[in-house]
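Hi there,

Here is the structure I promised to pass on to you. Have a look at it first, and my notes on what turned up follow below.

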Amino acid sequence: MDELDDVEAVGLLNEPLRRRLYEYVTSQGRDVSRQEAADAVGAQRTLVAFHLDKLVAAGLLTTTTRRLTGRAGPGAGRPAKLYRRSDAERQVSLPPRDYRMLATLLADVADEARLDDALQAAARAEGRAEAAGAHAERLDEVVQLLASRGYAPRVEADDARAVEGAIVRMGNCPFHALSESHPGLVCGMNLALLEGLFEGNRHWAPRIEPSPTGCCTVLRSIDNAD
Amino acid sequence: MPIDLEDFHLAQLNVAHPRYPTDDPGMAEFMAALDHINALADASPGFVWRLVDDSGANATSLRHPLLEGSMVNLSVWQDRDSLRNYVYRSGHLDYLRRRNEWFRRSDGPFLVLWWVPAGHIPSLDEAVDRLLRLRRDGSTPSAFTFRDSFSYGGAPPVVSPATEGEPRPAWESTKPSARW
């Protein structure tokens, strides 16, 4: 299949089942099998496989192959095809806009002039303003707030409903390209934004906790936020 | 003859002009964090070596005559990714974002990268020479930055620090694709 352009790729998500599959796979933050995806959306496995492979062809998902059983050799069965979000970015703006280039140039200048403090102050104020009136304290409220900002939050907790001891990891960095090109500036800004968003929150505190993949921040419940 | 990429390591020099003397209260938090930051580096995948002063713990007492007033941080890593993961994707980032509290803005580049043969321990003179080249010529295969990294493809990097008119090796520029 020829490489799809951005509009064609995004257009593929117009099919409701395909869109649900995309949202399910990308929210897992790990490799997902056809069977898991089929169970999650309640559709037939062959149909699900067809749609998943369409999303792969469009560059929205990517695949790996792995034996799920841990067995090898004869009788181990065929390796399973597993799906996860692709690293490629798709962007559609009509009429055409190029905010990425603008942001990159501004970040170049801000980095050069060491405007970290001013940027962090602005981000904190922005987060504070966003949070006004919205008190995200229950786990589901926190997850919803972060999801609405594009962080693709994922909860790690012993008890799925307990705030205590929970960590919310971000499956997506909304500022990914800029955080790659200007990590000090942009990750500092991102933390300040979250600090503003959760300022005065009795249960949650954002922390810098980078890993080789994913976002540089996590949200920790106060009692285990060091 | 094919080049074995494992034969080369990435050296980095980072210089920073502290706002206060190292024993000033303004630097206390940074100085107190140093052992932790350095231990993180030492334990990072791909870490090879870092320069220390007579204290054996860090390089905060070292200065170079051509970079008056600047602290120096000189280290060697297996490759660009291992260094990058430490600098930007480890607990080190939490201190990096606070750099303004302790260090003044630098005029011109303050971080330089260059390839060295595995096993070569760069001297501070060699490292400062690379930084001055970067400041003079911009990114080239013999002195570059994360932004304009060079990897080698086909020819070994030139090591001698001060060879004028050195032949330009057949490097391959690998601009990060994330920019736009």
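Let me start with one pair of residues: A:Val32 has A:Tyr83, in β3(A), as its bridge partner. Please keep in mind throughout that this is a predicted model.

**The three-stranded sheet of chain A**

That pair belongs to the contact between β1(A) and strand β3 (residues 80-85) of chain A, which run antiparallel and are joined by two bridges. The sheet they sit in is open, has three strands in the order β1-β3-β2 (chain A), and pairs in the antiparallel sense. Its edge strands are β1 (32-33) and β2 (61-66) of chain A, each of them pairing on one side only. Helix α2(A) packs on this sheet and touches β1, β2 and β3 of chain A, with a direction that makes about 85° with that of β3(A). Helix α4(A) lies across β2 and β3 of chain A and runs at about 50° to β3(A).

**Two helices against each other**

How do α2(A) and α4(A) stand to each other, and at what angle do they pack? Helix α2 (residues 16-28) and helix α4 (residues 45-57) of chain A pack at an angle of about 75°, and their axes are 10 Å apart. Angles of 65 to 115 degrees count as roughly perpendicular, and α2(A) and α4(A) are therefore roughly perpendicular to each other. On the α2(A) side the contact is made by A:Leu17, A:Arg18, A:Leu21, A:Tyr22 and A:Val25. These meet A:Leu47, A:Val48, A:Phe50, A:His51, A:Leu52, A:Lys54 and A:Leu55 in α4(A). Sorted by class, this contact of α2(A) with α4(A) has nine nonpolar, one polar and two charged residues.

**The four-stranded sheet of chain A**

Chain A also has an open sheet of four strands, in the order β4-β5-β7-β6 (chain A), again with antiparallel pairing. At its edges stand β4 and β6 (204-208) of chain A; each has a single partner strand, so one side of each is left without a neighbour in the sheet. On average, neighbouring strands of this sheet are turned by 25° against each other, direction ignored. Strand β4(A) is joined by four bridges to strand β5 (residues 167-170) of chain A, and the two run antiparallel. If you want a pair to look up there, A:Glu156 has A:Ile167 in β5(A) as its bridge partner.

Two helices go with this sheet. Helix α7(A) lies across β4, β5, β6 and β7 of chain A, running at about 150° to β4(A). Helix α9 (residues 183-197) of chain A packs on the sheet too, where it touches β5, β6 and β7 of chain A, and its direction makes about 175° with that of β6(A).

**Some backbone details**

Most residues other than glycine have a negative phi, and most peptide bonds are trans.

- A:Leu94 and A:Pro95 are joined by a cis peptide bond, with omega about -5°. A:Pro95 lies in the loop between β3 and α5 (99-112) of chain A.
- A:Arg114 is not a glycine, yet has a positive phi of about 55°. The residue is found in the loop between α5 and α6 (116-131) of chain A, and A:Arg114 counts as buried because its relative accessibility is 11%.
- A:Ala152 has a positive phi as well, near 45°. A:Ala152 sits in the loop between α7 (139-148) and β4 (153-156) of chain A, and its 25% relative accessibility makes it partly exposed.

**A residue after β7**

A:Ile222 is placed in the segment after β7 (217-221) of chain A. With 39% relative accessibility, A:Ile222 counts as partly exposed. Leaving aside neighbours within four places in sequence, A:Ile222 is in contact with A:Asn201, A:Arg202, A:His203, A:Trp204 and A:Ala205.

**A strand in chain B**

In chain B, strand β3 (residues 71-77) is mostly covered, with six of its seven residues buried. Strand β1 (residues 8-18) of chain B pairs with β3(B) in the antiparallel sense over seven bridges, and B:Asn14 stands opposite B:Asn73 in β3(B). Strand β2 (residues 47-50) of chain B also runs antiparallel to β3(B), through three bridges; here B:Arg50 has B:Ser75 as its bridge partner.

Notes
Residues are numbered from 1 along each chain as its sequence is written. Chains are lettered from A and ligands numbered from 1 in the order in which they are written. This is a predicted model: local features need pLDDT of at least 70, side-chain atom pairs count only at pLDDT 80 or more; totals for chains, interfaces and linings use all residues. Side-chain values use heavy atoms; hydrogens and water are left out. Axes are lines fitted to C-alpha atoms, for helices over the stretch in contact, and angles run from 0 to 180 degrees between N-to-C directions. Angles under 35 degrees count as roughly parallel, over 145 as roughly antiparallel, 65 to 115 as roughly perpendicular and the rest as oblique. Contact means heavy atoms within 4.5 Å. Ala, Val, Leu, Ile, Met, Phe, Trp, Tyr, Cys and Pro count as nonpolar, Asp, Glu, Lys and Arg as charged, and the others, Gly among them, as polar. Two strands pair if DSSP finds at least two bridges between them. Buried means under 20% relative accessible area, exposed over 50%, partly exposed in between (1.4 Å probe, protein chains only).
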